[in-house]
Amino acid sequence: MFGGSVLSLCVLTNSNGWIGFMIEVEIDKGSGFCFGVVTAIASAERELENTDTLYCLGDIVHNSLEVERLEKRGLHTIDHEAFASLRNQKVLLRAHGEPPSTYALAKQNNITIIDATCPVVLRLQRKIHKCYQETRDKDTQLVIYGKKGHAEVNGLVGQTEGTAIVIEKVGDLDRLDFNRAICLFSQTTKSLDGFQTIVSEIKKRMADGVEFNYYDTICRQVANRLPNIKEFASSHDWVYFVAGSKSSNGKMLFEECRQANPNTQFISAVEEITEPLPEGVRTVGVCGATSTPKWLMEKVAVRIKELNVNK
């Protein structure tokens with residue numbers, strides 16, 4: 001069995017003999033918060049022990065239940081409009097990172113920044129900024145493979161003074177000029193397969209002699225979850241994939257789970273599980289995104305066990 005924590009598998013009996021098996025529920029040990037999210041939440045909890053008011057610019061993680069848990073402890077989630085009106089306050093920047101304009105505004109308004117930007121994202125920001133400085137006078141197109149409007153991508157585009165071109169899929173490549181040099185980067189949480197497809201397609205279209213440089217900037221802690229979660233999903237009769245509706249990483253991993261095991265259900269909360277599992281299901285896997293808290297997956301496992309105790 002693929003590694004994880006197993007609740008139980010037992011045979012139920014009574015005075016008349018055998019009744020049946022209890023469902024075996026396994027939580028994927030590789031699922032749950034990535035390093036960047038763990039660090040950001042630890043930073044928030046540490047600050048909340050010493051301050052009455054702490055703001056977070058955007059959801060600290062794309063999971064509404066975890067956001068609610070921290071808000072009960074005193075974390076106030078704000079958007080960029082509210083951030084612009086703050087003065088003399090403490091604001092936590094989440095793992096996704098922010099563009100230079102956010103730091104400039106904080107300095108202007110005497111805002112103390114608690115910077116929880118993921119180190120992987122921070123290195124990428126610096127790399128893109130350096131590339132922009134070196135190529136802005138050379139008519140080079142800086143391209144980012146990522147989700148338009150995503151917080152991390154907004155921060156990356158900000159390193160280029162808003163000039164980078166964001167590509168989500170092969171169809172977006174028509175926006176590029178293949179007679180001009182291209183420098184390609186990737187959002188840290190995109191899939192390796194998707195990035196390699198984009199690279200391959202750009203290579204096919206580049207004019208002869210025109211420079212094309214590309215950098216695989218995908219976080220391996222996230223990328224390595226893909227083969228692991230596919231193996232985990234295929235090793236069970238049924239899978240509950242737990243993630244917030246805003247999680248782009250969750251959407252990507254869920255689709256991979258569903259391809260590996262068609263009996264994969266996407267849920268965001270324990271309350272969404274209302275019925276016992278179909279007959280014949282003996283093993284159930286619980287897994288999730290990089291933004292899914294372990295405590296939530298554990299609650300899901302308990303709920304499955306409660307609903308299927310006599311199966």
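User: What is the volume of the largest cavity?
Analyst: Keep in mind that this is a predicted model. A search of the whole structure turns up one cavity of 30 Å³ or more. The volume of the largest cavity comes to about 290 Å³.

User: Which residues are closest to the centre of the largest cavity?
Analyst: The lining of the largest cavity is made up of 23 residues. Helix H1 (35-48), H5 and H10 each put in at least two of the lining residues. The ones closest to the centre are Cys-34, Val-37, His-96, Thr-189 and Thr-290.

User: How many charged residues are in the lining of the largest cavity?
Analyst: Sorting that lining by class gives 10 nonpolar and 12 polar residues. For the charged class, the count is one.

User: Moving on to the pockets, which helix gives the largest share of the lining of the largest pocket?
Analyst: The largest pocket has a volume of about 290 Å³, and 13 residues line it. Lying nearest its centre are Lys-147, Glu-168, Lys-190, Ser-248 and Met-252. The largest share of the lining is four residues, and they come from helix H10 (residues 248-260).

User: How many residues in the lining of the largest pocket are charged?
Analyst: Split by class, this lining has two nonpolar residues and six polar ones. The charged residues number five.

User: And the second largest pocket: which element supplies the largest share of its lining?
Analyst: This pocket has a volume of about 200 Å³ and is lined by 15 residues. At least two lining residues each come from helix H5 (119-135), strand S11 (182-186) and strand S12 (212-214). The largest share, five residues, belongs to H5.

User: Which residues lie nearest the centre of the second largest pocket?
Analyst: By class, the lining here divides into seven nonpolar, three polar and five charged residues. Nearest the centre you'll find Cys-131, Thr-135, Cys-183, Asn-213 and Tyr-215.

User: Is Cys-131 buried or exposed, and what about Cys-183?
Analyst: The cut-off for buried is under 20% relative accessible area. Cys-131 has 8% relative accessibility, so it counts as buried. Cys-183 has 4%, so Cys-183 also counts as buried.

User: What does helix H6 pack against?
Analyst: Helix H6 (residues 151-158) has six of its eight residues buried, so it is largely enclosed by the rest of the structure. The buried ones are Ala-151, Glu-152, Val-153, Gly-155, Leu-156 and Val-157. Those buried residues pack against H5, strand S9 (141-145) and strand S10 (165-167).

User: Leaving aside its neighbours within four places in sequence, which residues does Ser-43 contact?
Analyst: Ser-43 lies in helix H1. With 7% relative accessibility, it counts as buried. Setting aside those sequence neighbours, Ser-43 is in contact with Leu-92 and Ala-116.

User: Is Glu-71 buried or partly exposed?
Analyst: Glu-71 sits in helix H2 (residues 64-72). Buried would need a value under 20%, and exposed a value over 50%. Glu-71 has 35% relative accessibility, so it counts as partly exposed.

User: Stepping back, what percentage of the protein's residues count as buried?
Analyst: The protein has 11 helices and 15 strands, and its C-alpha trace spans about 85 × 55 × 25 Å along the principal axes. It exposes about 14,900 Å², with carbon and sulfur atoms supplying 48% of that. Of its 311 residues, the buried share is 51%.

Terms used
Residues are numbered from 1 along each chain as its sequence is written. This is a predicted model: local features need pLDDT of at least 70, side-chain atom pairs count only at pLDDT 80 or more; totals for chains, interfaces and linings use all residues. Side-chain values use heavy atoms; hydrogens and water are left out. On a 1 Å grid over the protein atoms alone, a cavity is a set of points where a 1.4 Å probe fits but cannot get out, and a pocket is an open set with protein on both sides within 12 Å along at least five of seven lines; lining residues have an atom within 4 Å of a point. Grid points are joined across faces, edges and corners, and a volume is the space filled by probe spheres set on the points. Ala, Val, Leu, Ile, Met, Phe, Trp, Tyr, Cys and Pro count as nonpolar, Asp, Glu, Lys and Arg as charged, and the others, Gly among them, as polar. Buried means under 20% relative accessible area, exposed over 50%, partly exposed in between (1.4 Å probe, protein chains only). Contact means heavy atoms within 4.5 Å. Accessible areas come from the Shrake-Rupley method with a 1.4 Å probe; for residues, only the protein chains shown count as cover.
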